[in-house]
Amino acid sequence: MVRSSPAGASPGMWRREKGTVVRRAAALPDRATGPFVIIAGSRVPRVPTEWAPHAHPLHELVWVRGGTLTSRVEDRIFTVSEGHGLWMPAGVVHEGRSTAGAEFHDAFFAPDRTPFTFEGPMAVAMTPVLESLLTHLSRTDLDAGARARAESVVFDVLQPLEHQFALHLPGDARIDAIAEALLDDPADCRSLDEWARALGVSDRTITRAFRHATGLSFARWRQVLRVHRALTLLSEGLDVQTVSETLGYAQPSTFIAAFRRVTGTTPGAFFGAGDGTPGDVRNPVSGVRNTGLPTRRAEYNLPPVRQGNP
C-alpha cells in the first residue's frame, strides 16, 4: 500500500517532508526463502519515503548513499548516514524514513545460519570492504562456492560502531510535550525555566524526568537531537552555517563544538569533506568514505556480541 502524506509530525519522529509517500514493508526477495545466507539489494526512492512499523523474519542490515535513513525502534531513533549502517535483528518492530533520492541498500541474513547475534538494533561501520562484499552478493549469477566464500568474509568484517549513536525518547507524560516540540522544530530555544512555566511544573521536575527517562540532562538531550537532525541536513548538501542557523545556533562554531561533543568529530571529518585527513579516504569500488568515528570501546560500553549460532 502507498499513500501520500501531508507534512506533519509523526509521533516520535521528525516532521514529514511535503510529498512523503508512506509504504508498507516490501516483500522479502524470492531468494530469501532459498539456500542463501545473505541476500542483498538496493533501490532509489525518488520521493521522501516512510515505511510503516513492521518486522522481518530475517536479520536486516540497511545503509544509504547520498542521503539519510531515520529509523525508530521503540523509544529510540537511529539516524543512518553515508558510511554507516543499521543492523535490525529478526522480529524487531521498526519504522523508517528515507530522504528523496537516497540510494537505499539492504541485506537480509538467515538467523539460523548467521554465526553471531547482536542484543538489539546496532549501528554498523559500513567499511569499503563490507559494502563491496554485499554489493558482490547482490549478484544473481554467483555459484554456491563463490557465495559461501564472500559470506564468510562478511561475517569476519561486520562489526558494530564503537559509538552507538541513538536518540532515546523520554516516554514520560511530564516531558513528552517537550520532546515532540523539539522533534517538530529542533531550533526551539526555550529554556528549562520557560518550559517549566509552560507546562506548569518545576524546572527540577523536568530535569529529574529527563535524567531518569533518557540518562541525559535536558540541554544535552536537545543537543543530541539537533545533531541527529544535522546529519540529514548536511547529507542533503546544506553548508554548516545554514545548518547551524536552521537548528537554532547563534554561531557555526557553537554548532561545530556541539557536533564534536556528540559524535567525537567535526561535521567535515564525519562526512569526509576533502581535507586530506583519513575522513576523506574513498574506496574506488564502493565509493564509501571512512568517517573516522572514535574507536574507544570502553567509553561507549557497547552491548556484547555473542558468537555462535543463536
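Residues are numbered from 1 along each chain as its sequence is written. In this predicted model, local features need pLDDT of at least 70, side-chain atom pairs count only at pLDDT 80 or more, totals for chains, interfaces and linings use all residues, and side-chain values use heavy atoms, with hydrogens and water left out.

**Exercise 1.** Describe helix H2 and what covers its buried residues.

Solution. Begin with the extent: H2 (a DSSP run of H or I, at least four residues) comprises 14 residues, 144-157, and its first and last C-alpha lie 20 Å apart, close to the 20 Å expected at 1.5 Å a residue. At its start, a side-chain oxygen of Asp-143 comes within 3.1 Å of the backbone nitrogen of Gly-145. Next, the buried residues (under 20% relative accessible area, 1.4 Å probe, protein chains only) are Ala-146, Arg-147, Ala-150, Glu-151, Val-154 and Phe-155. Their cover includes strands E3 (38-43), E10 (103-109) and E11 (116-118), together with helix H1 (128-137).

**Exercise 2.** Work out which strands pair with E10.

Solution. Pairing requires at least two DSSP bridges between two strands. E3 pairs with E10 in the antiparallel sense over six bridges, with Ala-107 as the partner of Ala-40. E5 (59-65) also pairs antiparallel with E10, over seven bridges, and there His-105 is the partner of Trp-63. Finally, six of the seven residues of E10 are buried, so this strand is largely enclosed by the rest of the structure.

Conventions: Helix = DSSP H or I, 4+ residues; strand = E, 2+ residues; numbered from the N terminus. Expected span 1.5 Å × (residues − 1). Buried < 20%, exposed > 50% of the residue type's maximum accessible area, 1.4 Å probe, protein only. Contact = heavy atoms within 4.5 Å. Polar contact = N/O pair within 3.5 Å; in protein donor to acceptor, adjacent residues only side chain to side chain.
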